[in-house]
Amino acid sequence: MKAGFVLAAAAAAMLSFAGLAAAQQPIVIKFSHVVALDTPKGKGAEYFKKLAEERTKGRVKVEVYPNSTLFKDGEEMEALQLGSVQMLAPSLAKFGPLGVREFEVFDLPYIFDNYDELHKVTSGPVGQALFKKLESKGIIGLAYWDNGFKDMSANKPLKLPADYKGLKMRIQSSKVLGDEMKALGAIPQVMAFSEVYQALQTGVVDGTENPPSNFYTQKMHEVQKYLALTDHGYLGYAVIVNKKFWDGLPADIRTTLEGAMKDATKYANDIAKKENDDALEAVKKSGRTQIITLTPEEKAAMKKALIAVHKENESRVGKETIAEVYRETGFKP
Ligand code: LMR
């Protein structure tokens, strides 16, 4: 009887020890992304990690995997849905393969003139409606993060639409971006971001588009002779989480993480423009890539060639979504 009591007490003690150890195990958030650390998204992710870990006093550990080190484009969405990672920040141009094509409204050429117009849309009904569409895919949208406005690069000077004829241009997995390149007479090639440098180096593709922060940190200036400051489209991100994971968090932790995300979003969006300005300066300084500033006439010719992409994609991204974005930004086609 006595021995039985001692055994039971020992077992109970072991159980409560195991329970305590489990309670002390931090909740791990794997946050995977495809860009370098020294970019708006790279820095935003690190800042979120810092705030989340500090504010939860170590109950949450955020492991950030930059530069496609864990998953690359074409893999990461599925990894999120399967729970192999908990958080991603894909570009808004990468939601088509998931079946949420309306995100491609952000890819329409010239639809945003500046960050303020863009923020009206992301913080308004369109931004919210797009996040709602993710829920049936097992995903929750937490925030929109900026990168910036894209420029075109190649090994020949790009000024007018005719200069793009026949060029193989790497794009993200967005039909709108495919139509954009076709409207210029170029041949679009969808490719993972991690493969772009090598594809440019070996001539698998001739050129690409990206904001200067991505161009510089992926060392594209080493393999592209010209960068045309076209500012023809916007590149930004949705920070997304696995819904089951997020809904399953203790409520106090989730609230703390939401606060950390809010502050990390402000930080990422505050630094985005300067990160791109600095990267452009660094490209200039490298002396490897010649920067081309378009004349107002050249800019007008580019816009004229590209604007048809809006109408062509009404059925894909939604006529009403486009109309709402026009209303919010004051855009006149
Ligand atoms: C690209 O694939 O060109 C970019 O979307 C990469 C990124 O996440 O900024």
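What is the accessible surface of the chain, and what share of this surface belongs to carbon and sulfur atoms? In the predicted model examined here, the accessible surface of the chain comes to about 15,200 Å², and carbon and sulfur atoms account for 56% of that area. The C-alpha trace spans about 95 × 45 × 30 Å along its principal axes. Of the 333 residues in the chain, 51% are buried. The chain carries 45 positive and 42 negative side chains, and the centres of these two sets are 2 Å apart.

The secondary structure consists of 14 helices and 11 strands. Contacts between residues at least 6 apart in sequence were also examined; in 76% of them, the residues joined are at least 24 apart.

Five of the strands, in the order β2-β1-β3-β10-β4, form an open sheet with mixed pairing. Strands β2 (60-65) and β4 (139-149) are the edge strands of this sheet, each pairing on one side only. Within the sheet, strand β1 (residues 27-32) pairs with strand β3 (residues 87-88) in the parallel sense, over 2 bridges. The bridge partner of F31 in β3 is M87. In general, the strands of a sheet pair through backbone hydrogen bonds, in either a parallel or an antiparallel manner.

In soluble globular proteins, nonpolar side chains tend to be buried together. The largest nonpolar core of the present model has 56 residues. Those with the most contacts inside this core are F95, F103, F106, F112, L134, Y164 and I240. Helix α5 (residues 125-134) supplies the largest share of the core, with 4 residues. Apart from this core lies another, of 43 residues, which includes A143, V223, V241 and I253. The surroundings of F106 were considered with neighbours within four places in sequence left aside; on that basis, F106 is in contact with L92, F112, L118, V121, T122, L130, Y144 and Y234.

A further position of interest is V196, located in helix α7 (residues 196-202). V196 counts as buried because its relative accessibility is 0%, whereas the limit for this class is under 20%. When residues up to four places away in sequence are not counted, V196 touches R170, M191, T208 and M220. V196 and P109 are separated by 87 residues in sequence, and the C-alpha to C-alpha distance between V196 and P109 is 22 Å.

Conventions: Residues are numbered from 1 along each chain as its sequence is written. This is a predicted model: local features need pLDDT of at least 70, side-chain atom pairs count only at pLDDT 80 or more; totals for chains, interfaces and linings use all residues. Side-chain values use heavy atoms; hydrogens and water are left out. Buried means under 20% relative accessible area, exposed over 50%, partly exposed in between (1.4 Å probe, protein chains only). Contact means heavy atoms within 4.5 Å. Accessible areas come from the Shrake-Rupley method with a 1.4 Å probe; for residues, only the protein chains shown count as cover. Lys and Arg count as positive and Asp and Glu as negative; His and the chain ends are not counted. The place of a charge is taken as NZ of Lys, CZ of Arg, CG of Asp or CD of Glu. A nonpolar core is a set of buried Ala, Val, Leu, Ile, Met, Phe, Trp, Tyr and Cys residues joined through side-chain atoms within 4.5 Å. Two strands pair if DSSP finds at least two bridges between them.
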